[in-house]
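Biologist: Please show me the model, and then we can go through a few of its residues by question and answer.

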Amino acid sequence: MRVRATAATAALLLAALTACGGGDDGGTEAKGRASTTAPAVDCMDENISQADWMAHCSDEGAEPGGDSTGRQAVGLEFGEPYTWPDGLEVTVVDAKVFTDYDEDLLESAEPGSIGFRVGLKVENGGEKPVALDDLSLIVEGATNGGEAAFTLFGNGSQPLEGRLAPGVSTTKNHDNTMETKYGRKIVVTVQRSSDDFSLDFPEFSGTITG
């Protein structure tokens, strides 16, 4: 009689443990699914936390398989194009010493400095007009520091201004002076003003010739 009671008790205990174990497995599986589902992050949200930005929006935190634009932003040479997601393409064509000064305007480079003009090709491969004055250039020495000062030489000047229609390309230029002690190897960064703060600013490396 005692043996039958013990067996019945063991059976009830086993059933209870089985039911409890099944509930734990289901809960663990559900929690696992929940933990692997990342919440949507709006990279345009001004109140986004730094942690979310680094994890989901920056080039360093972006997941593999995404847009490769960030990897194109650096290491470009003169003559190589860079294209933003909306189809606007820029290419730093060259940088040449400028000597065609307008004497009436008393143009000249200061002693110990070199005047040069950076050529820039812009092509609108997108579907909307682009304001060219949203673009600006920063020119820096690539050997031992130094930053060029922007200037404007009268003869042949084609500054970044106006609008560029879809399917149209144009050539513009950007005039600079820089102390000769910094050498002739330079890095040109093309900046773009936009509401999209995730846009990359491509860098082009080359040498001032002429």
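Modeller: This is a predicted model, and the questions below take up its strands, its aromatic rings and one asparagine.

Biologist: In what sense do strand 2 and strand 3 pair?

Modeller: Strand 2 covers residues 82–83 and strand 3 covers residues 88–97. The two form a hairpin with 4 residues between them, and G87 in the turn has a positive phi of about 100 degrees. Y82 stands opposite V90 in strand 3. The pairing runs over 2 bridges, and its sense is antiparallel.

Biologist: Which residue in strand 4 is the bridge partner of T91?

Modeller: Strand 4 spans residues 113–124 and pairs with strand 3 in the antiparallel sense, over 9 bridges. Within strand 4, the bridge partner of T91 is K121.

Biologist: Is the F98 and Y101 pair stacked or edge-to-face?

Modeller: The structure holds 4 aromatic pairs. In the pair of F98 and Y101, the centres lie 5.5 Å apart and the planes are 70 degrees apart. Planes over 60 degrees apart count as edge-to-face, and those under 30 as stacked. The pair is therefore edge-to-face.

Biologist: Is Y101 buried or partly exposed?

Modeller: F98 has a relative accessible area of 7% and is buried. For Y101 the value is 23%, and the cut-off for buried is under 20%. Y101 is therefore partly exposed.

Biologist: How many residues apart are F98 and F153?

Modeller: F98 and F153 form a stacked aromatic pair, 4.4 Å centre to centre with 10 degrees between the planes. F98 is in the loop between strand 3 and strand 4, while F153 is in the loop between strand 7 and strand 8. The pair links distant parts of the chain, and the two residues are 55 residues apart.

Biologist: Which residues do ring pairs link into a cluster with F153?

Modeller: F153 is buried, because its relative accessibility is 3%. Ring pairs join F153 into a cluster with F98 and Y101.

Biologist: Is N176 buried or exposed?

Modeller: N176 lies in strand 9, residues 169–179. Leaving aside neighbours within four places in sequence, its contacts include I114, F116, V139, F150 and F153. The relative accessible area of N176 is 1%, so N176 is buried.

Biologist: Which residue's backbone oxygen lies 2.9 Å from the side chain of N176?

Modeller: The side chain of N176 has a polar atom at that distance from a backbone oxygen. The residue that carries the oxygen is H174.

Biologist: Which residue lies over the face of W84?

Modeller: The distance to the ring centre of W84 is 5.1 Å. The residue over the face is R192.

Methods: Residues numbered from 1 in each chain as written. Predicted model: local features only at pLDDT ≥ 70, side-chain atom pairs only at ≥ 80, totals over all residues. Heavy atoms only, no water. Buried < 20%, exposed > 50% of the residue type's maximum accessible area, 1.4 Å probe, protein only. Polar contact = N/O pair within 3.5 Å; in protein donor to acceptor, adjacent residues only side chain to side chain. Contact = heavy atoms within 4.5 Å. Pairing = 2+ DSSP bridges. Phe/Tyr/Trp six-rings, centres within 6.5 Å; stacked < 30°, edge-to-face > 60°. Lys NZ or Arg CZ within 6 Å of the ring centre and 35° of its normal.
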